[in-house]
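The report below describes how two chains meet, and then turns to one chain as a whole and to some of its neighbours' details.

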Amino acid sequence: MVRIAFPTDKGGLDDQIYPRFGRAPTFTIVEVEDGEIKDVRVVQNPGSISGSGAGIRAVQKLVEEKIDIVIGPSPGPNAYMALQQSGIRVVMILGVTVREALEKFLSEEKK
Amino acid sequence: MFRVTVTGGKGGTGKSFVAVNLAIALTRYYEVVLADVDVEAPNDYVLLGINKLENEEPIKVFLPFIDTGKCTRCGVCAKVCDTGAILMPPNAYPVIFPRLCSGCKACYYGCPYNAIIKGYHVLGYTYYNKLLYNNKTLHLVTGVLREGEEHTPPAVLATRKRAENINGDILILDTGAGTGNQISLSLQNTNLVIAVTEPTPLGLHDLLSILEVVKGMNLGVWVVINKYGVGDPSRHLEILEKYGVEKIYRIPFNRDVVETYIYGKPIVLAKPSSIVSKTIYDLSIDLVKVIGGG
């Protein structure tokens with residue numbers, strides 16, 4: 001099973017991927033097993049309301065949620081370092097919905 | 001020590017020009033301490049014609065280090081960090097992002113295992129130059145933030161502290177532009193604010209901002225309208241009346257200012273009989289009436 005997080009606004013499979021990582025209002029977390037969606041949850045991103053260190057707080061939330069992969073925009077420099085330190089893989093897909101990004105990601109993983 | 005803060009909101013209105021010349025004018029009566037707390041771009045020393053800042057002291061700010069012998073990876077430090085500068089990764093010790101750390105020590109006090117080692121990093125430097133005018137000393141304290149630093153307030157505080165420790169009769173704080181927390185740090189516990197503005201729409205806009213801040217902090221304010229004669233100051237004057245500003249000084253837009261700038265010598269010394277110098281002397285005399293002594 002893999003847990004994938006997508007930075008989103010309101011959240012959900014049909015929401016657009018949010019163009020900024022640390023300041024995204026929510027993360028849509030999708031659990032995938034054998035290429036099938038097992039669970040979809042939306043969590044608030046504490047980074048969206050913090051004065052500074054938004055990227056770090058966002059990554060901390062993903063660590064707590066035991067996330068394996070983030071799919072979204074290119075993270076900022078602090079978030080980049082934090083993701084590396086936390087062993088979370090980053091895949092850059094933008095301009096589509098969560099569902100479309102997930103499908104694209106899964107089909108590329110199959111190859 | 002009587003404290004005066006020279007500020008104004010907008011950049012380039014002549015805050016440092018007024019602060020430096022006022023400081024020299026006041027040496028006729030007092031031992032003056034001038035603190036250049038515009039730490040991002042301090043230049044009072046340039047206006048005073050000083051070549052070199054002296055008596056350097058580092059501004060040290062707390063920076064945590066993790067004692068991996070004591071750390072249990074409980075994650076409390078990351079939770080209490082107000083700036084989000086500590087990450088608790090899944091399989092490692094806490095990771096500190098020095099650029100984000102404000103030096104507040106919450107992690108140091110919050111750690112249940114005393115696993116935070118007190119380190120520091122150098123945010124910038126303060127300098128002290130001793131000058132002599134009118135047989136009185138002008139003590140100049142200058143704060144300089146290191147390039148790339150994101151936290152200005154600790155540098156402002158350190159500069160102010162060094163200036164407050166000098167035994168003078170009057171302290172003049174020369175702030176940078178803006179109305180943020182680094183400016184309000186220089187306004188705190190001050191006896192009088194001198195806001196320098198100019199008769200332009202930008203000057204008006206930022207004058208309003210600074211008057212609001214000053215009002216919110218319950219401080220008395222005098223206003224200097226610099227470059228008087230260009231632009232339309234009527235809205236400025238309306239607003240100053242509305243805010244009940246009791247003293248307004250008009251420094252005319254005058255060639256003497258530019259000429260003395262070129263000589264690199266303060267106008268009250270280079271052209272003491274100029275109308276510009278006269279306005280600054282008027283201001284200094286009104287201050288003496290408030291402060292007394294001298």
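Across the interface of chain A and chain B, zero salt bridges are found, a salt bridge being a side-chain nitrogen of Lys or Arg within 4 Å of a carboxyl oxygen of Asp or Glu. This is a predicted model, in which local features need pLDDT of at least 70 and side-chain atom pairs count only at pLDDT 80 or more, while totals for chains, interfaces and linings use all residues. Residues are numbered from 1 along each chain as its sequence is written, chains are lettered from A and ligands numbered from 1 in the order in which they are written, and side-chain values use heavy atoms, with hydrogens and water left out.

Between chain A and chain B there are four residue pairs in polar contact, both residues at pLDDT 80 or more; a polar contact is a pair of N or O atoms within 3.5 Å, where within protein one must be able to donate a hydrogen and the other to accept it, and residues adjacent in sequence count only if both atoms are side-chain atoms. On the chain A side, helix 1 (54-64) and helix 2 (77-86) each supply at least two residues that touch chain B, helices being DSSP runs of H or I with at least four residues and strands runs of E with at least two, numbered from the N terminus. The two chains bury about 1,000 Å² between them, 62% of it on carbon and sulfur atoms, where buried area is the accessible area (1.4 Å probe) that two parts lose on being put together, summed over both. A:Ile56, A:Gln60 and A:Gln85 supply 42% of the area that chain A buries against chain B, more than any other three residues.

Within chain A, A:Thr26 is found in strand 2 (residues 26-33) and counts as buried at 3% relative accessibility, buried meaning under 20% relative accessible area, exposed over 50% and partly exposed in between (1.4 Å probe, protein chains only).

| Partner of the A:Thr26 side chain | Distance |
|---|---|
| A:Thr8, side chain | 2.8 Å |

Chain B has 11 helices and 11 strands, and buried residues make up 54% of its 294 residues. In chain B, B:Tyr261 lies in helix 9 (residues 255-263) and is partly exposed, with a relative accessible area of 47%.
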